[in-house]
Structures are given as structure tokens and as C-alpha cells.
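Try each task before you read its solution.

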Amino acid sequence: MEGLTVKAFGMIAEKLPEQEFEFPKKKDTEELLNSLYNEYPDLKELDFSLAVNQQLIQQNTSLEGNEEIALLPPFSGG
Amino acid sequence: MTRKPKNIFVDGAISSEKIAKSIQNHSSKTNIGAHSIFLGQVRADEKDGSVVRAIEYTAYEEMALQKAFEIREAIFEKYNLTCMHIYHSLGEVKTGEICLFVFTSSKHRKMAIDACEELVERIKNELPVWGKELLKNSDENWKVNT
């Protein structure tokens, strides 16, 4: 199956209609972010990091198309 | 010996019985000379004219368990420890209750204390866990770690 799975956490999850959803394949995380911003403009106001298959990324990362993407606001455990 | 990710999450508050039992469980390991324990407790902060009554914790569990495992391995590598335990609450924890329990044991105190401190810092900075403060006036506020 082709397509990204996007999971949102913390305050980001409250700003999106669903905590977990499928999203069309994108070539890299920059393209994905731009599409997400178009679809959900509220995201532009929020501070979050991206994880691709549970690894935090620091820069634009190419995507195969079936990754699990997580939108992670600043951690506040403990 | 290869170790695998262990579940660190506890549903709700961490009870004092669990902490006492965890200490008791080490009495047979007589090469231990020092335990260091950190307990995080939910604080009744004042927020926007109200007061925190509880924190509700959520996590990206798969990633958090993998990350906790990596941190655990790194700390075992760096310090000469006999054992190490991490428990973090998920769900609602009321003020005055315990939400984080970190426990390191070693032959001597310095290793146990230093490892415990580094472990707590790394847990707070690196685990994908979020706390939402639930206020007495029914408002909610996403916690920010300082």
C-alpha cells in the first residue's frame, strides 16, 4: 500500500480533525510539510518536529511513500 | 547479552507500594552498595487565575520505548551500574502524586547518583511524552518543560 500515515500528538493532535490519518505520497518531508500547511493552516502557528518512522529528523528527508510520519510538539514529560 | 525495549509506562500515578516493592526487590543483589532514586511529583502550579489539579500524560509510545531503550543502553555504557529502572505515568495523575520514578543502583554512590541525574535529564528532554495540565476551573494548558 502506498501512502503516508500521519500521526499527531499533544497540542498538535487537538488542532487537526484526526489524530491519525493517511496522506498522499510525497517525495520528501519539505513537500509533505507544505501540503500539510495548505491542508491545515493552523499548523503554521505551531512549534513541532517531525519524526519519520520514529526517528526525529533535523533536515529535509526523502520519503519512499509509505512511512509513518509523526508531528511532535516540544516534549513535556516527567 | 542483548537487551530489548522494556515497557516503562504505568497507567495513572506510580504508587508508593510500587516504589517500596522495587527497593525490596534489590535486597538479594548484595553487590549493590548504593541506590539513587528520583521521583517526579505533580505540582499545583497557579495558571491563568486557576490552579493545576492534575496532569494528563500522553506519549508516542513506540518511539518513546525505543528512545528509552537507547538512553538506557547509553547510560549502562557510561556508568558502572548494577541495575536501572524507569517508570513514567500515562493518563491522569493528580497533584501530589508521583508521575516519574527513576531508580539506579551501583556498588558506590557516585555512579548511582550521577547516572540517575543524567537519566532524568535525558528522559525529560528526549522522550516523546506530553503533559496537559488540567486546571480546577476546567481549563486546560499544555505543560512546557523548563
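**Exercise 1: a loop in chain A**

Task: Find where A:Gln54 sits, and decide how exposed A:Gln54 is.

Solution: Start with the location: A:Gln54 is in the loop between β3 and β4 of chain A, where strands are DSSP runs of E, at least two residues long, and helices are runs of H or I, at least four, numbered from the N terminus. This is a predicted model, in which local features need pLDDT of at least 70, side-chain atom pairs count only at pLDDT 80 or more, and totals for chains, interfaces and linings use all residues. Residues are numbered from 1 along each chain as its sequence is written, and chains are lettered from A and ligands numbered from 1 in the order in which they are written.

Finally, check the backbone: the phi of A:Gln54 is positive, about 70°, although A:Gln54 is not a glycine.

**Exercise 2: two helices of chain B**

Task: Work out how α2(B) and α3(B) are oriented.

Solution: First take the axes, lines fitted to C-alpha atoms over the stretch in contact, with angles from 0 to 180 degrees between N-to-C directions. The axes of α2(B) and α3(B) come within 11 Å and cross at roughly 155°. Therefore α2(B) is roughly antiparallel to α3(B) (under 35 degrees is roughly parallel, over 145 roughly antiparallel, 65 to 115 roughly perpendicular, the rest oblique).

Methods. A residue is buried if 20 or more other C-beta atoms lie within 10 Å of its own, exposed if 12 or fewer, and partly exposed in between; C-beta atoms are placed from the backbone.
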